[in-house]
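Subject: Structure for you to look through

Dear colleague,

I am handing over the structure we spoke about, and below it you will find what came out of a first look. Please keep it open beside this message while you read.

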There are 2 protein chains.
Amino acid sequence: MKNRRLFWSIVERIEKLIDSGQYPPGSRLPPERELAESFEVSRPTIREAIIALEVLERVEVKTGSGVYVLEHKKQNTEHVISAFELTQARALVEGEAAALAATTISEEELARLKQTLVEMEKGINPDAADKEFHLIISTATRNNAILMAVSEFWKLRDSSPSVKVAYKGVCSQSDEKRTEEHMDIYKALESRDSQAARAAMHHHFNRLINALFEASEAKALEEVRRQTSQTRDLYSLSHLVS
Amino acid sequence: MKNRRLFWSIVERIEKLIDSGQYPPGSRLPPERELAESFEVSRPTIREAIIALEVLERVEVKTGSGVYVLEHKKQNTEHVISAFELTQARALVEGEAAALAATTISEEELARLKQTLVEMEKGINPDAADKEFHLIISTATRNNAILMAVSEFWKLRDSSPSVKVAYKGVCSQSDEKRTEEHMDIYKALESRDSQAARAAMHHHFNRLINALFEASEAKALEEVRRQTSQTRDLYSLSHLVS
DNA sequence: TAAACAAATTGGATTTACCAATATTTTCAA
DNA sequence: TTGAAAATATTGGTAAATCCAATTTGTTTA
């Protein structure tokens with residue numbers, strides 16, 4: 001990592017100064033020559049760092065005037081989303097996706113679903129098989145908006161460290177249950193039964209939510225347990241008609 | 001526009017060369033010195049342009065080796081999503097969101113919902129009131145993953161020209177119906193009735209889907225009408241239990 | 001033939017210099 | 001005294017030359 005070019009470290013240092021509040025949005029950065037001196041690098045290096053910050057939309061350069069700090073508009077990835085929220089959302093969306101897919105899924109997609117079940121039983125990379133299973137169903141809805149939403153959920157799961165560790169502890173200890181539930185979903189889709197598919201998907205995620213709660217409760221103290229119970233109520237699927 | 005710094009125009013010219021296929025992903029760009037000569041600018045300017053392209057993740061710089069073109073991963077994931085797909089997806093997700101929100105929505109949020117109804121009745125910027133209405137409900141789910149999904153749907157609607165025109169013709173001619181349906185959803189939420197909220201939301205979008213079909217059918221020829229009917233079946237909400 | 005060395009290539013960084021746009025100060029006239 | 005115009009200083013924009021370090025390539029040598 002130390003082979004990174006020099007200007008990247010300057011970018012980091014300037015970003016730190018901005019984030020620390022030393023240069024709030026709207027304020028002007030010191031002139032390039034001063035920055036070069038204080039960072040003990042040459043002016044071209046400072047310029048490169050400023051250009052990088054400009055491309056990153058953190059600063060704005062006004063010729064002859066100076067470099068100004070922009071309002072940091074956070075990317076939408078800044079949502080703080082817990083494993084519970086994510087699982088509940090997946091239950092709702094993928095439940096409906098399964099119900100939809102039951103009427104639109106092709107034979108070829110059913111075959112591919114079956115393949116993921118085999119892979120999962122063998123235990124070779126079961127997480128990849130899991131992901132493929134759910135994405136095949138989303139694709140089978142013939143609705144790209146739903147596919148997009150489910151894909152975003154997976155992106156979230158793969159990118160959020162906290163979600164990843166939460167799932168890690170839960171999935172590994174119940175691989176056989178996961179496989180069973182996938183099988184139930186598959187059977188419902190195979191028989192083109194929308195309501196059964198939705199119910200099976202809900203059952204799948206409901207077990208996951210409860211497992212998440214048990215895992216988190218195991219770590220929690222006695223006092224917070226009551227709070228957790230209230231939270232469990234918030235994320236339960238009891239409001240569902242099925 | 002004319003005051004743009006020089007290196008931005010170099011960025012554009014290099015991007016054009018990449019997009020034209022002259023420098024496909026994986027290939028190496030000419031050395032900085034050559035680029036400087038061919039673009040008739042100095043080497044520092046070329047370096048600045050390359051740094052900008054690097055920040056934009058279009059190229060990768062390997063010290064001592066060269067500048068390599070990266071696979072251009074489109075951030076938009078330009079899914080082609082039709083107004084029908086979007087509406088169906090919104091129906092499913094926002095239907096569940098309404099059902100969830102019925103048990104978690106606050107008095108303050110109910111008051112804000114009512115405010116959007118008033119604004120919509122007055123006819124002052126009804127589309128903004130519409131958007132706010134749906135986002136308040138999504139927020140009231142206390143689930144940021146659902147809020148994120150619904151926000152993405154709105155982003156899609158606002159950014160896709162084809163979807164925008166499809167909605168345009170439908171919403172304007174039925175403002176009073178939209179207001180009525182919003183009122184029904186509001187009442188269900190106010191009485192904390194999950195199933196009624198879901199049903200009202202489904203009814204809202206079901207009417208929208210049918211209106212979209214009528215609008216598209218009006219433009220369609222007699223021969224394609226049969227196809228359209230099949231499509232309508234694909235996007236209907238008949239698979240829903242409610 | 002293969003490993004080791006040497007040279008050429010290429011990007012990395014600095015210094016210096018000068019230009020152009022902008023901001024500030026000074027000057028001078030009303 | 002005041003206000004506008006002009007001079008000056010500041011600041012970013014671009015260029016050229018120079019040296020360094022990493023990589024690649026070609027040649028030599030064991």
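By class, the surface near DNA strand D is made up of 9 polar, 8 charged and 5 nonpolar residues, and please bear in mind from the start that this is a predicted model. In total 22 residues surround DNA strand D, and the closest of them are A:Glu32, A:Arg47, B:Arg5, B:Leu6 and B:Thr45. Of the atoms of DNA strand D that come within 4 Å of the protein, 72% belong to sugar and phosphate.

Turning to the two protein chains, 43 residues of chain B are in contact with 43 residues of chain A, and between them the chains bury about 4100 Å², of which 64% is on carbon and sulfur atoms. There are 8 residue pairs in polar contact between chain B and chain A, counting pairs with both residues at pLDDT 80 or more. The helices of chain B that each supply at least two residues to the side touching chain A are H1 (6–19), H3 (43–55), H4 (83–104), H7 (144–159), H10 (194–219) and H11 (222–235). Among these, H4(B) gives the most, with 10 residues, and the residues of that side of chain B divide into 25 nonpolar, 8 polar and 10 charged.

The interface also holds 2 salt bridges, one of which joins B:Arg47 to A:Glu48, with the closest N and O atoms 3.0 Å apart.

How are the two copies related to each other? Chain B can be laid on chain A with an RMSD of 1.3 Å by a turn of 179° and a shift of 0.3 Å along the axis, which is the relation of a two-fold axis. The same surface serves both copies, since 98% of the contact residues of chain B recur in chain A.

With best wishes

Methods: Residues are numbered from 1 along each chain as its sequence is written. Chains are lettered from A and ligands numbered from 1 in the order in which they are written. This is a predicted model: local features need pLDDT of at least 70, side-chain atom pairs count only at pLDDT 80 or more; totals for chains, interfaces and linings use all residues. Side-chain values use heavy atoms; hydrogens and water are left out. Contact means heavy atoms within 4.5 Å. Buried area is the accessible area (1.4 Å probe) that two parts lose on being put together, summed over both. A salt bridge is a side-chain nitrogen of Lys or Arg within 4 Å of a carboxyl oxygen of Asp or Glu. A polar contact is a pair of N or O atoms within 3.5 Å; within protein, one must be able to donate a hydrogen and the other to accept it, and residues adjacent in sequence count only if both atoms are side-chain atoms. Helices (H or I, at least four residues) and strands (E, at least two) are DSSP runs, numbered from the N terminus. Ala, Val, Leu, Ile, Met, Phe, Trp, Tyr, Cys and Pro count as nonpolar, Asp, Glu, Lys and Arg as charged, and the others, Gly among them, as polar. A residue is near a molecule or strand if one of its heavy atoms lies within 4 Å of it. Copies are superposed by least squares on the C-alpha atoms of residues with pLDDT of at least 70 in both.
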